[in-house]
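Let's take a walk through this model together. Here it is.

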Amino acid sequence: MTIEYEALVVFLCSLAGCALLYWTKNFHLGRSARGHSGGAVQSAHKDPTPRIGGIAIGGALIVSLFFAPPSMLDNYGPFVVSLTPVFLAGLADDLGYHVPPWMRLLAAALSSAVAAALLQIWIIRVDIPYVDMLVACAPVGIVLTLFATSGVCHAFNLIDGINGLSAGTGVMIALGIASIAHAAGDPNAVQLSILMVAAIAGFLIFNFPLGKLFLGDAGAYSLGHVLAWFAILIVYRLESVSTWAMLLVFFWPVADTLFAIYRRKIAGRDFDQPDRLHYHQFVMRGLEIEWLGRGRREIANPLATLVMMPLIACPIIAGVLLWSEPLMAFLSLLVFAFFFVATYYIGIRLILLRNSSLAK
């Protein structure tokens, strides 16, 4: 059975699951759309929309178990099982049973602890001289793994604010991981990454451009967990793969999260308090103010995703090209970090100036 056929099956399963969730929305919208009726601080949508798309992706991942390479099945099965805590915590929040961010982060850490225990794998190096000696100690490496993977889970949730952004980023990151695995000579990791692309793609049909279904916390956190652990598995198995190059692949969601924490700390707010100051939100509002006009959110929302995709793709491409060059990957990371912060402040400044001129 070829990878194309396997990916097609997983894609169709994800698509069918999303279709079922959408066509039955009248039965569950009262719970599955809570927080997405347009009233939430961070909401970028007007109409109530189900945010349980993660159920379809989770189902597609279970189907992908039947297509995992035999040599990877002993690892992949327990890995899928490890999703349970973070998926259930996210789904509970999606269905209106308020689960605070710290509990979701704790569930993400628990999922990673389960994965580390079952797989006996964790981060063993960060490609920094002398620091690697410390990270090689199991307790330190495990704590670093729990922190890093939980952060990536939360990062995917934070960028799940406009149509197609989180899932589209997930597809590109999965393709980046597959490309690095191919370059490093790991066809099994390539196959698993392509199956993940297929699972996300089925959801994207309903999420972009019209936003008929959202990932929700279950979907976003699970997406972050899967992709973060794919990256850890590759770095663990292949010494030639640079940790910094892999971080480049995850640059955008990680940068957005770290900058949000910094921004809220400077403003004297709790780091988990939602706002409308993420990069994708100012891009969307900039499109409304400069070109589309207010009240055109249904166009500005998906258009903002299209504008951002090349920005998100650039560090991923750099990570793929520099997969075995830790120093160059690190320097590239600094360049992209400067670019991220500089363009954010320039964009915010331009929007404020534009608003000021319109008010006169």
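**A helix, a pocket and a core**

Start at Pro-78, which sits in helix α4, residues 73–81 (helices are DSSP runs of H or I, at least four residues, numbered from the N terminus). Pro-78 is partly exposed, at 21% relative accessible area; buried means under 20%, exposed over 50%, and partly exposed in between, with a 1.4 Å probe and protein chains only. Leu-12 is 66 residues away from Pro-78 in sequence, and 24 Å away in space, C-alpha to C-alpha.

A word on the ground rules: this is a predicted model, where local features need pLDDT of at least 70, side-chain atom pairs count only at pLDDT 80 or more, and totals for chains, interfaces and linings use all residues. Residues are numbered from 1 along each chain as its sequence is written, and side-chain values use heavy atoms, leaving out hydrogens and water.

Now for the core. The largest nonpolar core has 109 residues, and Ile-177, Leu-227, Val-241, Met-246 and Phe-250 touch the most other members. Such a core is a set of buried Ala, Val, Leu, Ile, Met, Phe, Trp, Tyr and Cys residues joined through side-chain atoms within 4.5 Å. Helix α11 gives the largest share of this core, 14 residues. Look at Ile-177: beyond its neighbours within four places in sequence, its contacts (heavy atoms within 4.5 Å) include Leu-227, Phe-230, Met-246 and Phe-250.

Which helix supplies the largest share of the lining of the largest pocket? That's α8, with 9 residues. Also supplying at least two residues each are α11, α12, α13 and α16.
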